[in-house]
Amino acid sequence: TKEDGFCILNKDDEHFKEVYEKCNGHVLTYGITNDCTLQIKDVELLSDKTIFTIKYNNIEYSIESPLLALFNVYNLSASLLALLAMGYDINDLLNNIKYIKVDGRLQKIETGQDFTLFVDYAHTPNGIIKLLEYINSLNFVNHFVVGIVHSNDYSIEGGFPNHYIQILKSGNNKMDYWTWGEIVNGSTINNSLRNGFYMIISIGL
């Protein structure tokens with residue numbers, strides 16, 4: 001970062017100090033701690049929206065976001081702080097949050113069905129864990145998770161899909177049912193998909 005630039009850092013992240021020490025510019029922070037430039041407060045995670053408060057320049061602002069899950073609270077807070085550093089007006093930013101839409105990131109699918117369906121393209125261990133933490137926080141009787149993994153960069157023997165299976169199996173006591181589809185190199189389905197295509201579908205009943 002240039003000396004006259006900005007570093008937008010998550011102060012709740014375990015690597016914060018390590019990254020902070022490498023920053024040359026002005027450091028702005030976000031997170032739940034009191035001394036953050038933008039503090040996150042009173043988060044309420046719902047199946048159709050997220051409600052939370054931010055504190056910036058000693059003023060509190062209530063936010064209702066269409067983006068779901070705690071990781072999106074952090075993503076949105078980081079984006080807000082970056083735009084504020086660039087000189088955007090906070091009220092203009094907050095008034096436009098309701099229009100945000102990110103296809104494939106906890107995208108809720110509505111077709112008149114009597115169950116809740118989300119599609120998400122999380123494909124890293126941390127991303128899947130954060131996704132499942134959110135799903136488990138919702139008040140569903142049953143959870144079904146259907147996963148598809150496809151990447152020519154990894155093989156079944158290399159343990160890539162198995163690693164994700166272990167994530168699904170461990171620490172998710174509310175997950176009554178789960179299915180993990182492994183698409184194997186050389187199969188007919190595998191050849192019809194692009195390299196690096198990942199998907200997780202969560203169904204709540």
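How many nonpolar, polar and charged residues are in the lining of the second largest pocket? That lining has six nonpolar, two polar and five charged residues. Here Ala, Val, Leu, Ile, Met, Phe, Trp, Tyr, Cys and Pro count as nonpolar, Asp, Glu, Lys and Arg as charged, and the others, Gly among them, as polar.

This is a predicted model, in which local features need pLDDT of at least 70, side-chain atom pairs count only at pLDDT 80 or more, and totals for chains, interfaces and linings use all residues. Residues are numbered from 1 along each chain as its sequence is written, and side-chain values use heavy atoms, with hydrogens and water left out.

**The chain as a whole**

- The chain has six helices and ten strands. Both are DSSP runs numbered from the N terminus: helices are H or I with at least four residues, strands are E with at least two.
- Of the 205 residues, 39% count as buried. Buried means under 20% relative accessible area, exposed means over 50%, and partly exposed lies in between (1.4 Å probe, protein chains only).
- The accessible surface comes to about 12,100 Å². Carbon and sulfur atoms hold 49% of that surface. Accessible areas come from the Shrake-Rupley method with a 1.4 Å probe, and for residues only the protein chains shown count as cover.
- Take the contacts between residues at least 6 apart in sequence: 52% of them join residues at least 24 apart. Contact means heavy atoms within 4.5 Å.

**Pockets**

- Rolling a probe the size of a water molecule over the atoms shows where empty space is left.
- A pocket is found on a 1 Å grid over the protein atoms alone; it is an open set of points where a 1.4 Å probe fits, with protein on both sides within 12 Å along at least five of seven lines. Lining residues have an atom within 4 Å of a point.
- The largest pocket holds about 570 Å³ of space. Grid points are joined across faces, edges and corners, and a volume is the space filled by probe spheres set on the points.
- The largest pocket has 22 lining residues. Nearest its centre lie L70, F71, Y74, N126 and K130.
- Two elements give two or more residues to this lining: α2 (70-85) and α4 (125-137). The largest share, six residues, comes from α4.
- By class, the lining of the largest pocket has nine nonpolar, seven polar and six charged residues.
- The second largest pocket has a volume of about 200 Å³. Its lining has 13 residues, and P66, L68, L106, Q107 and K108 lie nearest the centre.

- Strand β1 (residues 6-10) runs parallel to β2, and five bridges join them. Two strands pair if DSSP finds at least two bridges between them.
- C7 has V27 of β2 as its bridge partner.
- β2 also pairs with strand β3 (residues 38-45), in the parallel sense, over two bridges. Y30 stands opposite L38 in β3.
- T29 lies in β2 (residues 26-31). T29 counts as buried because its relative accessibility is 7%.
- Not counting residues up to four places away in sequence, T29 touches L9, K11, F16, D35, C36, T37, L38 and L81.

- E44 lies in strand β3. Its relative accessible area is 41%, so E44 is partly exposed.
- Beyond its neighbours within four places in sequence, E44 is in contact with K49, T50 and I51.
- E44 and E64 are 20 residues apart in sequence, and their C-alpha atoms are 9.6 Å apart in space.
- T53 lies in strand β4 (residues 50-56). T53 counts as buried, at 11% relative accessibility.
- Leaving aside neighbours within four places in sequence, T53 is in contact with Q39, I40, K41, D42, E60, Y61 and S62.

**Positive phi values**

- D42 is found in strand β3. Its phi is near 50 degrees, a positive value in a residue other than glycine.
- Is D42 buried or exposed? D42 counts as exposed, at 58% relative accessibility.
- N57 lies in the loop between β4 and β5 (59-65). Its phi is near 55 degrees, a positive value in a residue other than glycine.
- N57 is exposed, with a relative accessible area of 58%.
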